[in-house]
Amino acid sequence: MHRRAVNESDIEAIFDLFGCAEHAAIGRRETTRADVRDLLASPGLDVASRTMVVESKEGRLSGFVALHPAPQAGQLRAHLILAPADGATDTARALLHLLDEWALRDAPHPNTPVTMFQLPNCPAHDLIAAEGWSIVHSYTRLRVDLDTTEFPEPAQPPLGVQLRVAADDQDRRAVHSVLEDALAGHWNHRRRTFAEFDRDQRQRSSYDAALWWLAEVDGVCAGAVIARDPSERAWIAWLGVLDAYRGRGIGTQLLRTVFRLLRDRGHHSVGVDVDTHNSAGALSVYRAAAMSERGTTDQWRKIYAHQPF
């Protein structure tokens with residue numbers, strides 16, 4: 001087995017590796033090529049020094065690992081994908097130990113949390129736990145089939161509610177402000193300036209400002225949604241409604257609006273990942289918009305103390 005850093009020609013092989021792992025765990029592919037491209041373009045990821053693939057003599061990948069700053073300040077995000085084959089345990093152990101080495105070097109302060117997402121049936125589940133990782137949360141993936149689902153056309157918002165695209169920089173700042181306030185109580189949310197947020201969104205390969213929408217109630221910005229438009233599968237990146245305006249169907253109407261737009265662009269489905277234990281009833285909002293659950297993903301965490309080398 002040969003280990004090396006990722007290069008530009010590896011996207012297809014990493015995409016295939018994700019597919020093999022997902023088919024073995026849940027019987028279907030979930031990760032798209034756009035997901036792989038976005039992962040490798042994650043802010044702060046040094047591809048040359050903080051990615052690694054394990055390659056057989058035949059050139060097939062049996063493992064992939066990466067580490068970069070998490071969206072949450074002071075945290076790191078790890079990625080680990082393994083082919084479900086003989087020798088996976090040895091590959092997993094080697095890559096987990098490599099993650100340990102990187103995390104100890106990169107931890108910005110004592111007791112730095114590193115998070116990683118894995119499917120519940122991942123082949124290295126027991127080994128990950130034995131190496132000091134623990135499951136701290138879960139996320140539910142939902143999807144809507146745009147070919148078979150009927151949406152009101154035009155969408156009829158609740159009385160007094162106006163939906164409109166965020167047409168300029170001022171509107172996009174309003175989208176950011178609504179999302180920051182709507183998500184302020186979430187356990188994993190950290191506030192960012194508009195400049196930080198906007199820069200992160202524009203770095204995504206599927207960024208499209210025409211998919212930023214606002215909901216106004218009597219002229220007050222009350223809700224917002226941001227969708228993404230990769231070629232393989234459309235995605236809901238952000239959705240938020242201010243506390244004072246929840247329960248009016250605003251979130252559902254925002255979703256239906258972008259669903260119709262994405263269907264008109266030729267998409268067949270739209271996906272989203274939602275905190276399984278969200279206290280604001282997010283799952284019910286997505287269900288009301290005709291999205292159905294596809295399964296869950298575990299969020300693992302390990303704490304590292306910076307050790308200079």
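I started at the beginning of H6, where a side-chain oxygen of Asp168 comes to within 3.2 Å of the backbone nitrogen of Gln170. Ground rules before I go on: this is a predicted model, local features need pLDDT of at least 70, side-chain atom pairs count only at pLDDT 80 or more, and totals for chains, interfaces and linings use all residues. Residues are numbered from 1 along each chain as its sequence is written, and side-chain values use heavy atoms, with hydrogens and water left out.

Next I checked the length of H6 (residues 169-182): at 1.5 Å a residue its 14 residues should span 20 Å, and the end C-alpha atoms are 20 Å apart, which agrees. The expected span is 1.5 Å times one less than the number of residues.

Which residues of H6 are buried? I listed Asp171, Arg172, Ala174, Val175, His176, Val178, Leu179, Glu180 and Ala182 (buried: under 20% relative accessible area, 1.4 Å probe, protein chains only). Among the elements they pack against are strand E7 (161-165) and helix H7 (194-202).

Then I looked at H6 with H7. They pack at an angle of about 100 degrees, axes 10 Å apart, and are therefore roughly perpendicular (65 to 115 degrees). The contact (heavy atoms within 4.5 Å) is made by Asp169, Arg172, Arg173, His176 and Leu179 of H6 and Phe194, Phe197 and Arg202 of H7. I sorted these residues into three nonpolar, one polar and four charged.

Last, I noted that Arg256 sits in helix H8 (residues 250-264). Arg256 is 99 residues from Pro157 in sequence, and 9.9 Å away in space, C-alpha to C-alpha.

Definitions and conventions
Helix = DSSP H or I, 4+ residues; strand = E, 2+ residues; numbered from the N terminus. Buried < 20%, exposed > 50% of the residue type's maximum accessible area, 1.4 Å probe, protein only. Polar contact = N/O pair within 3.5 Å; in protein donor to acceptor, adjacent residues only side chain to side chain. Axes fitted to C-alpha atoms, helices over the stretch in contact; angles between N-to-C directions. Parallel < 35°, antiparallel > 145°, perpendicular 65-115°, else oblique. Nonpolar A, V, L, I, M, F, W, Y, C, P; charged D, E, K, R; others polar.
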